[in-house]
Amino acid sequence: MAQSIPLDSYSEVFSATTELSSVAIGGRIVSVSDEFFAEAYHLLLVQPAPSLKGQFGPNGALYSGWESRRHNPTHDWCIIKLGTSGTIVGFDIDTSHFNGNEAPHVSVQAFYDPSSEDPTVDDPRWTEVLPKVSLGPNAHHLFTVPGAPAATFVKLNMYPDGGIARFRVYGHVTPIIPVSADDLFDLAYVFAGGRVEFVSDQHFGVGSNLILPGRGKDMGDGWETKRSRQPGHKDWVIIKLAVPGLLQHVEIDTAHFKGNFPESCEIHALYSENDIDWVVGRGEDKDWQPILPRTKLGPHRQHYFQLENVQDKKYTHIKVTIHPDGGIKRVRVYGRRADVESTGALDQGSVAPIATEGILSGTTLSQTSKSMTKVLPVLPLTPEAFAPFGQVIQAYGDHTAAPKGIKITQANAGTASKFHKLALLASSYPAGSGATSGLSVYRCQPLKDVSPDGIAELKALERHPFTNQAFVPMGSGPGEGLEDPAKRYLVVVAHNGQDDRPDLSTVRAFVASTAQGIVYNTAVWHEFQYRFIDSPFSPVYRIVQTNQ
């Protein structure tokens with residue numbers, strides 16, 4: 001039985017649902033009976049309907065919505081293909097700015113057939129899910145439809161004619177997820193069945209945008225909070241994963257947020273077998289485990305971070321906290337299913353202690369004591385993720401995407417941009433060693449020892465205890481593919497641990513483009529083979545750290 005819901009209950013009823021009809025996830029208009037005054041595609045737009053009062057086109061006053069001719073003897077209709085199939089929970093039928101020309105009554109029909117071609121208005125499969133209800137002018141009209149079936153198409157009927165600004169179909173996605181526990185995928189993704197369950201603030205952009213496909217088109221299709229004025233302020237969003245997962249790494253995308261990205265973020269995770277009422281306690285009373293410490297973010301780009309405290313632990317929810325406020329475009333949470341048995345193809349056990357040998361210019365990791373392995377993701381190199389180990393030397397075509405604080409000036413009569421002091425030189429050789437800093441060139445061979453499923457073996461690490469160390473790729477030699485934009489190289493690093501051995505819990509692997517140089521901080525462990533990859537980055541590519 002359909003029920004009308006007061007507007008102030010919107011968050012309580014619909015906050016954990018997905019807008020199945022949104023153009024942002026592929027919703028589209030199939031056909032429409034009449035759209036003389038305003039085209040039906042407006043119904044599915046992400047942004048709220050603006051007022052166009054006083055503006056006129058060739059057919060009359062302009063409206064952001066769907067408006068048909070007057071005096072229809074029967075009714076008008078609009079057929080919509082949902083962006084993804086799912087179970088309908090309810091609707092928002094919005095007549096904002098339609099006053100005196102709004103649709104007086106509507107009903108909604110639906111049917112489910114993922115393999116179906118676009119249906120006709122008289123298709124016998126249409127089933128009524130919202131009986132004829134009355135609408136008023138310039139208002140949101142919320143309805144729930146308990147027990148509604150899954151749907152791939154809906155038909156909005158308008159009696160007899162008039163205008164509707166937005167039509168939002170809320171529900172739960174029919175998930176599309178890997179069958180195998182060995183497949184890496186985005187557990188937060190809307191099409192996998194992830195959903196945003198709680199948002200502390202969504203003044204400028206709603207939290208549910210975070211798990212949409214793509215990178216969006218502007219700041220309007222991300223999550224953005226209002227400016228805070230209180231010291232220590234923070235905002236957060238809670239995402240329920242599609243299935244319980246073994247997590248590996250995250251992507252935090254700040255696309256289009258150039259002067260209003262968060263200063264930093266942190267991520268916690270939780271496992272719960274039950275549904276949670278986030279209004280009670282606002283999630284603060286739960287046993288959240290830190291999986292990404294507070295980390296700086298940059299403007300207008302994708303950030304990739306390997307997660308901590310996730311080894312052999314399964315989680316159902318994550319909480320992304322931003323400091324103090326700002327906007328994020330997308331959140332991707334990569335991992336594997338924990339609700340089915342793994343084939344054991346990827347052993348993610350811990351790594352045994354390592355023996356080392358030292359030399360003046362560096363200390364080399366060459367031997368280990370046991371034969372266990374640890375799988376590491378290879379993530380695209382970004383300044384924020386690499387910051388604990390060193391600096392990234394990189395120019396930015398879009399200056400607004402450069403890390404905050406970098407001085408940029410014009411040079412060479414305006415034909416170049418100078419990015420000042422991306423890294424400083426440092427050395428601390430002991431007196432009397434005779435060692436000096438210098439500039440060297442390495443000629444490296446491409447990475448060849450990669451298995452068909454994208455696994456490479458990490459055999460050795462070294463460090464330079466008295467200097468930082470810079471590497472700037474110079475490309476291939478003449479006729480050797482210098483122009484190849486697909487060239488990438490591996491960067492593997494770790495912090496120093498007890499007894500001057502690498503702390504293997506801190507090992508990180510990155511894939512850098514040949515447009516990026518790197519500077520290792522003094523005494524940071526790193527792989528001494530600078531190995532190029534002949535193909536673009538794949539999220540499936542992995543380093544396996546072995547003990548031999």
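This is a predicted model: local features need pLDDT of at least 70, side-chain atom pairs count only at pLDDT 80 or more; totals for chains, interfaces and linings use all residues.

Residues are numbered from 1 along each chain as its sequence is written, and side-chain values use heavy atoms, with hydrogens and water left out.

**Chain overview**

- The protein chain has 2 helices and 38 strands, taken as DSSP runs numbered from the N terminus (helices are H or I of at least four residues, strands E of at least two).
- Of its 548 residues, 51% count as buried, where buried means under 20% relative accessible area, exposed over 50% and partly exposed in between, with a 1.4 Å probe and protein chains only.
- Contact is defined as heavy atoms within 4.5 Å; among contacts between residues at least 6 apart in sequence, 79% join residues at least 24 apart.
- The chain exposes about 25800 Å², of which carbon and sulfur atoms supply 52%, with areas from the Shrake-Rupley method and a 1.4 Å probe, only the protein chains shown counting as cover for residues.

**Nonpolar cores**

- A nonpolar core is a set of buried Ala, Val, Leu, Ile, Met, Phe, Trp, Tyr and Cys residues joined through side-chain atoms within 4.5 Å.
- The largest core has 81 residues, of which Phe91, Phe167, Leu247, Ile318 and Phe386 touch the most other members; strand β17 (residues 235-253) contributes the largest share, 7 residues.
- Another core, of 12 residues, lies apart from it and has Ala494, Val507, Ala509 and Val511 among its members.

**Aspartate 161**

- Aspartate 161 lies in the loop between β11 (150-159) and β12 (163-164).
- Aspartate 161 is buried yet has no salt bridge, the nearest side chain of opposite charge being arginine 70 at 7.2 Å; a salt bridge needs a side-chain nitrogen of Lys or Arg within 4 Å of a carboxyl oxygen of Asp or Glu, and for charge Lys and Arg count as positive, Asp and Glu as negative, with His and the chain ends not counted.
- Its side chain reaches the backbone nitrogen of histidine 71 at 2.9 Å and that of asparagine 72 at 2.8 Å.

**Serine 22**

- Serine 22 sits in the loop between β2 (18-19) and β3 (28-32), and counts as buried because its relative accessibility is 6%.
- Leaving out residues up to four places away in sequence, serine 22 touches Gly27, Leu44 and Val46.

Technical notes:
A polar contact is a pair of N or O atoms within 3.5 Å; within protein, one must be able to donate a hydrogen and the other to accept it, and residues adjacent in sequence count only if both atoms are side-chain atoms.
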